[in-house]
Amino acid sequence: MNSHLHTPMYFFLMHLSGLEICYVTTTLPQTLAQLLSGNGSISFSRCMFQIYTFQSLAGTECFLLGAMAYDRYLAICHPLEARMRPENTTFVTEFILVGLSNHRKTQILLFVVFLLIYSFTLVGNLLIVLLVRSNSHLHTPMYFFLTHLSGLEICYVTSTMPQMLAHLLSGNGAISFTRCMLQMYISFFLGGAECFLLGVMAYDRYLAICHPLTYAVIMGTWRLLQLASVSWGIPVILTVINVLCTLRFSFCGPNRVNHFFCELPVVMKLACGDTRLAEAILFVAAVLALLGPLSIILTSYGLILSSVLRMRSASGRRKAFSTCASHLAVVTMFYGTVISMYMRPQSVSAPDQDKKTAVFYIVITPLLNPVIYTLRNKDIHKAVKKMLRRTDFEQKY
């Protein structure tokens, strides 16, 4: 309301105040209700949601306080530079997404194809979540992580594809600066969470196949919570670090993004100033998010392969190979394309090739996940049949 307060200091203070509102809302209403009723029970789902929200907001506040300290340092130690930048710079207020094609007929064709893919992706992943939640036989660690993966894929495609579909239909690729930044960081966070989640799922398969007798004890409820918290918590930290690094720059030059959505490495090329430090930090974050989980995956499946080859039962070997092959198919496509995008020097990247590569991990992988994990999965087949019989029974009676 007050234009005199439109300064960096109050910009960060506004973010901190909004964060604090969300922070106390995740815990205090639950605490007050329990104090008033004397009943401290909370459902598993609400407990999980509270844990992840609390950790995300706590991590964000830590880095936001750091950003505010850095802002105060600039204001006090470099006052002339801090004052001159807003006056002499024209800031970009929107970006233009070039998209996959400029031809109108091709855009309409792509709209139809991607709309079908988006619909099938939502239905397939949502079906997995509903099946696991409704069938007690699927309440195992493997399907616990699979529901996390399916829920993540729903959020992942929803953070990018509706915007892309709207641009294909209208032929206008304009997107506001705020929406572009929001899309960029949400997709970066969800992509990082998928990397860690795939690593956790490989570790789960290793324990189930190589240590079947102690598997139930090792993968208890507390261990599941720890692994899930790591899968969601570390990407939050990496995302916030890259947020702070990118927001240091102003966008005062060209605003055409040669991509179909706002992706961090592509948008960073448009920043004014020397981005070498930010690119180095992005590379380190990519190493942690990609090579860390990938090393766990390769180690886990190396041990699994060694254990499977020693099995005497042919049916046991087939079942183990079937389960692991589906996971490896997803891992190969996802990690292969993401590594080629984030761990390649930005100076040698080809924009047209980058957006084609992004189609695989943004569009194709979320579509294939429910297909690969359910096509040859007997447990899922039984759960579907049981749900259909129950539905048929309810319709008759």
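Analyst: Cys210 has a relative accessible area of 22%, so Cys210 is partly exposed. Buried would need a value under 20%. Keep in mind that this is a predicted model.

Now place that cysteine. Helix 8 covers residues 177-210. Let us follow this helix and its contacts.

Take another cysteine, Cys195. Its relative accessible area is 2%, so Cys195 counts as buried.

Cys180 lies in helix 8. Cys180 forms a disulfide with Cys262, and the two sulfur atoms are 2.0 Å apart. A search of the whole structure finds 1 disulfide. Where does the partner sit? Cys262 is in the loop between strand 3 (256-257) and helix 11 (264-268). The two cysteines are 82 residues apart, and the pair links distant parts of the chain. The angle about the S-S bond is -115 degrees, and the link of Cys180 and Cys262 is left-handed. Are these two cysteines buried or exposed? Both Cys180 and Cys262 are buried.

Now turn to the aromatic rings. A pair of aromatic rings is described by the distance of the centres and the angle of the planes. The structure holds 7 aromatic pairs. One of them joins Phe95 and Phe177: the ring centres are 5.9 Å apart and the planes stand at 25 degrees, so this pair is stacked. Stacked requires planes under 30 degrees apart. Phe177 belongs to helix 8, while Phe95 belongs to strand 1 (residues 94-97), so the pair ties together parts that are 82 residues apart in sequence. The accessibility of the two rings' residues can be read in turn. Phe95 has 0% relative accessibility, so Phe95 is buried. Phe177 has 24%, so Phe177 is partly exposed.

For another ring geometry, look at Phe144 and Phe145. Their ring centres are 5.3 Å apart and their planes are at 70 degrees, so this pair is edge-to-face. Phe144 and Phe145 are both buried.

Finally, look at a helix that packs with helix 8. Two packed helices are described by the angle between their axes and the distance between the axes. Helix 10 spans residues 221-247, and its axis comes within 9 Å of the axis of helix 8. The axes cross at roughly 150 degrees. Angles over 145 degrees count as roughly antiparallel, and helix 8 and helix 10 are therefore roughly antiparallel to each other. Their crossing is right-handed. Which kinds of residues make up the contact of helix 8 with helix 10? The residues divide into 18 nonpolar, 5 polar and 1 charged.

Definitions and conventions. Residues are numbered from 1 along each chain as its sequence is written. This is a predicted model: local features need pLDDT of at least 70, side-chain atom pairs count only at pLDDT 80 or more; totals for chains, interfaces and linings use all residues. Side-chain values use heavy atoms; hydrogens and water are left out. Rings of Phe, Tyr and Trp (its six-membered ring) pair if their centres lie within 6.5 Å; planes under 30 degrees apart count as stacked, over 60 as edge-to-face and the rest as tilted. Helices (H or I, at least four residues) and strands (E, at least two) are DSSP runs, numbered from the N terminus. Buried means under 20% relative accessible area, exposed over 50%, partly exposed in between (1.4 Å probe, protein chains only). Axes are lines fitted to C-alpha atoms, for helices over the stretch in contact, and angles run from 0 to 180 degrees between N-to-C directions. Angles under 35 degrees count as roughly parallel, over 145 as roughly antiparallel, 65 to 115 as roughly perpendicular and the rest as oblique. A crossing is left-handed if the near helix is turned anticlockwise from the far one by less than a right angle, and right-handed if clockwise. Ala, Val, Leu, Ile, Met, Phe, Trp, Tyr, Cys and Pro count as nonpolar, Asp, Glu, Lys and Arg as charged, and the others, Gly among them, as polar. A disulfide is a pair of cysteine sulfur atoms within 2.5 Å.
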